[in-house]
Amino acid sequence: MTSTMMRMSQRRVGLLGGTFDPPHIGHLVVAVEARATLNLDEVWLLVAHTPWQKTGRGVTDAEHRLAMARAAVVGLDGLVASDFEFDPPGPTYTVDTLRDIRAQHPGADLYFITGADALGSILTWQGAEELFGLARFVGVSRPGYELTDAHITEAFHRLPDDALHLVEVPALSISSTDCR
Ligand code: ATP
Ligand code: MG
């Protein structure tokens with residue numbers, strides 16, 4: 001098999017990590033737009049079991065957030081609600097999740113999708129070098145946050161071509177915080 005054919009046989013999988021407490025139309029627009037723009041076969045709403053970054057408030061039970069995410073993707077082609085981070089239950093780091101997904105789905109090319117609010121911090125996470133070896137990253141626009149933030153522009157110079165994609169999505173000023 002030539003390397004081109006091997007690449008063609010890979011499934012292109014987008015991963016939209018989040019708490020989804022609750023899921024909303026902004027998440028769905030991001031997933032649908034990223035899928036179309038990057039020609040992804042599927043996009044997973046990767047529901048965090050125990051979002052350790054959100055310790056300041058009570059988070060809705062993981063099973064309920066997963067059930068809401070499943071209901072939200074019904075009828076949307078290529079969108080899947082994923083409980084990958086439920087086994088084992090507990091807090092997870094993105095780097096570990098990406099490593100595990102790669103091990104269990106060796107035929108997948110991974111694209112980790114985040115809104116402009118979260119992207120700036122990912123780029124400064126510990127283990128960022130390893131992260132970029134496990135998946136490509138996709139930053140999507142979000143009202144109130146700049147995709148041309150200094151962190152992000154700087155990362156473009158540091159990272160190999162293709163490691164980071166920026167995608168403009170239709171602006172929806174909605175958040176789970178507003179919904180709650
Ligand atoms: P919360 O207000 O509780 O933080 P949220 O609306 O930010 O909720 P999350 O579950 O934290 O939702 O987000 C999951 C992912 O979706 C993050 O990468 C976030 O940046 C992105 N996202 C959420 N809402 C939007 C939106 N309206 N436009 C673009 N990206 C979004
Ligand atoms: Mg958020």
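The lining of the second largest pocket splits into eight nonpolar, three polar and five charged residues. Here Ala, Val, Leu, Ile, Met, Phe, Trp, Tyr, Cys and Pro count as nonpolar, Asp, Glu, Lys and Arg as charged, and the others, Gly among them, as polar. Strand 4 and helix 6 (128-134) are the elements that give two or more residues to this lining. Helices (H or I, at least four residues) and strands (E, at least two) are DSSP runs, numbered from the N terminus. The second largest pocket holds about 210 Å³ of space. Its lining has 16 residues, and R102, D109, G133, L134 and A135 lie nearest the centre.

The model is predicted: local features need pLDDT of at least 70, side-chain atom pairs count only at pLDDT 80 or more, and totals for chains, interfaces and linings use all residues. Residues are numbered from 1 along each chain as its sequence is written, chains are lettered from A and ligands numbered from 1 in the order in which they are written, and side-chain values use heavy atoms, with hydrogens and water left out.

A pocket is defined on a 1 Å grid over the protein atoms alone, as an open set of points where a 1.4 Å probe fits, with protein on both sides within 12 Å along at least five of seven lines; lining residues have an atom within 4 Å of a point. Grid points are joined across faces, edges and corners, and a volume is the space filled by probe spheres set on the points.

Now the largest pocket. Its volume is about 1,000 Å³. Of its 45 lining residues, G17, G18, K54, D117 and A118 are the closest to the centre. Two or more lining residues come from each of strand 1 (11-18), helix 2 (25-37), strand 4 (108-115), helix 5 (116-122) and helix 8 (176-179). The lining comprises 21 nonpolar, 17 polar and seven charged residues.

Ligand 1 sits in the largest pocket (more than half of its atoms lie within 2 Å of the grid points). Strand 1, helix 2, strand 4 and helix 8 each give two or more residues to its shell. That shell has 22 residues, with H24, K54, D117, S176 and T177 the closest (a shell residue has a heavy atom within 4 Å). Five are nonpolar, 12 polar and five charged.

Polar contacts (N or O atom pairs within 3.5 Å) follow. A polar side-chain atom of R142 is 2.9 Å from a ligand 1 oxygen. For a polar backbone atom of G115, the distance to a ligand 1 oxygen is 3.0 Å.

How values were computed: A polar contact is a pair of N or O atoms within 3.5 Å; within protein, one must be able to donate a hydrogen and the other to accept it, and residues adjacent in sequence count only if both atoms are side-chain atoms.
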